[in-house]
Amino acid sequence: MTKKKEVFKPRREKEITFYSCGPTAYEPANLSMCRRFVVADLIVRYLEMKGYNVSSYMNFTDLDDNTIAGAEEAGMDLTVFTENYIQSFLSDKDTLGVKRATGYPKASEHVQDMIDISHELVHKGYAYEKHGSIYFNIAKFPNYGKLSGIDLSKIQLGKTVDLDNYEKDNPRDFTLLKRSTLSELKKGIFFETEWGNVRPSWHIECSAMSTGYLGETLDIHTSSRDLMFPHHENEIAIAEALTGKQLAKYWLHSELLLVDGKKMSSDNNNVVTLKDLLAMGFTGREVRFLLLSVQYRKPINFSIKRLENVRTALRRLDEFTSKLLCLPPGRPHPEVTAYVSAMEEQFFTAMDDDLNVSVAMAAIYNFIKKTNPILQVNHLDRDQKDYILEKLNQLNQVLKIFKLQGCPLEPEIDALIQLREKARVEKDWQTADSARNELAERGIAVIDTANGPIWKRVVETEED
RNA sequence: GGCGGCGUAGCCAAGUGGCUAAGGCAGUGGUCUGCAAAACCAUUAUUCAGCGGUUCGAAUCCGCUCGCCGCCUCCA
């Protein structure tokens, strides 16, 4: 609320309530949306690592203008139409390594709450009915605009809305419940109330679900910057008019994902979805790392070239962990423990400072830079390797980008590697190369090092 | 018009008053190697969009200018 960094203090000792505005179920999640998924995931994972118990919710908006229009166009039943997208959001989250939230409420399942809220607001004088729709009266809520810092007297009215479609008393007011149209009535998209048949509008949905699941005041509310005004202002107005209490202690807004400097959105006709990238051969892990590697309050300019850079960066990390996992242990190194501590300290200091992932990653790269030469001359014993792996695994609980799943060789692959090594010793290059080719066909790259061969999968699988 | 954000190397990106301007990618040179791939090592900004000011000292604070972006109440 202060627009500054603050020291985070939860309301209760170890329990945190966390809410994110989720997507609307009328189109597949584009990368902008994916960034919100990943940022929310990063925050939750980091808080959990810090020992907090996080109740996290992300809503799915499955009842609004877009979903109704989308279902109409597709000639589908609304719930069937939205359920497809909801399932695809969940599968995208899995692909991106996003931990499942405590719950994913759907707007359509909380309409009664929204109607109750509207009742209460009308009763308290914060809202009024006009021609069968219910509007929030902004004049009654003097705190309006605190989050975004807007000055209501100076905004341009009707910039993005055709005000002729509404019968508001004041154009600054916003809609809570909307009178159902004839075609909605025909399809059964309406809810009976004392004001007639209505359906909820966007802003009230988040208020109803966030407070409905997490109580009157939540610790953290996240979403992206472009939703600050009007959506979050309205969400606050509704909730705070209702309860008289602060809706959320901390607001974290992630910046936009851009393409050539422009917001990725259907309006700009530059949408790239996760599935598009998967179809091009990129992995969820690569996309996750791209979305993660910039601090959440900075914009990310997306490009394929950038994804390719991420791929090579990840390859270096993989190379390091493969060596750690696959190479036989050697002599102990006196200082490697200190390197690990330095990495940990820098990592946590950076993450504590508003999730500064760039600096946190630098901690890891610095560690790799120091440890690589040691590994090169086989100067780490078994315990030290296990210790490093254990620490990397800990950091990976937050980042979810390392591959630390051991070096388990399938017997036939192991046999091929052995065969190739034997042939190499005997300088039988033909046999050695054919073994290498065969491994390549199975998606395994062999990397010769001074201490023997290591292997890794070239074609990435989505295992954890 | 109002509010907010951004501009640091070829690209990405930290740093927001004072140690040599982190780190990554790409590049270049070298090491290793049967070949290959990868890896490893070294190296890469007298300068932070421009101009002016404050200061012993500015990428960092202030003012102006330029360029780009987001939001403005039914796109999420």
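**A guided view of chain A**

In chain A, 74% of the contacts with a separation of 6 or more are between residues 24 or more positions apart; two residues are in contact if their C-beta atoms, placed from the backbone, lie within 7 Å. The structure is a predicted model, in which local features need pLDDT of at least 70, side-chain atom pairs count only at pLDDT 80 or more, and totals for chains, interfaces and linings use all residues. Residues are numbered from 1 along each chain as its sequence is written, while chains are lettered from A and ligands numbered from 1 in the order in which they are written.

The C-alpha atoms of chain A occupy a box of roughly 90 × 50 × 35 Å along the principal axes. The chain contains 15 helices and 14 strands; these are DSSP runs, numbered from the N terminus, with helices being H or I of at least four residues and strands E of at least two. Of its 464 residues, 37% are buried, a term that requires 20 or more other C-beta atoms within 10 Å of the residue's own, with C-beta atoms placed from the backbone.

Two strands pair if DSSP finds at least two bridges between them. β1 runs parallel to strand β2 (residues 53-58), and six bridges join them; Tyr19 has Tyr57 in β2 as its bridge partner. Three bridges link β1 to strand β8 (residues 218-224), also in parallel, and Phe18 stands opposite Ile220 in β8.

Conventions. A residue is buried if 20 or more other C-beta atoms lie within 10 Å of its own, exposed if 12 or fewer, and partly exposed in between; C-beta atoms are placed from the backbone.
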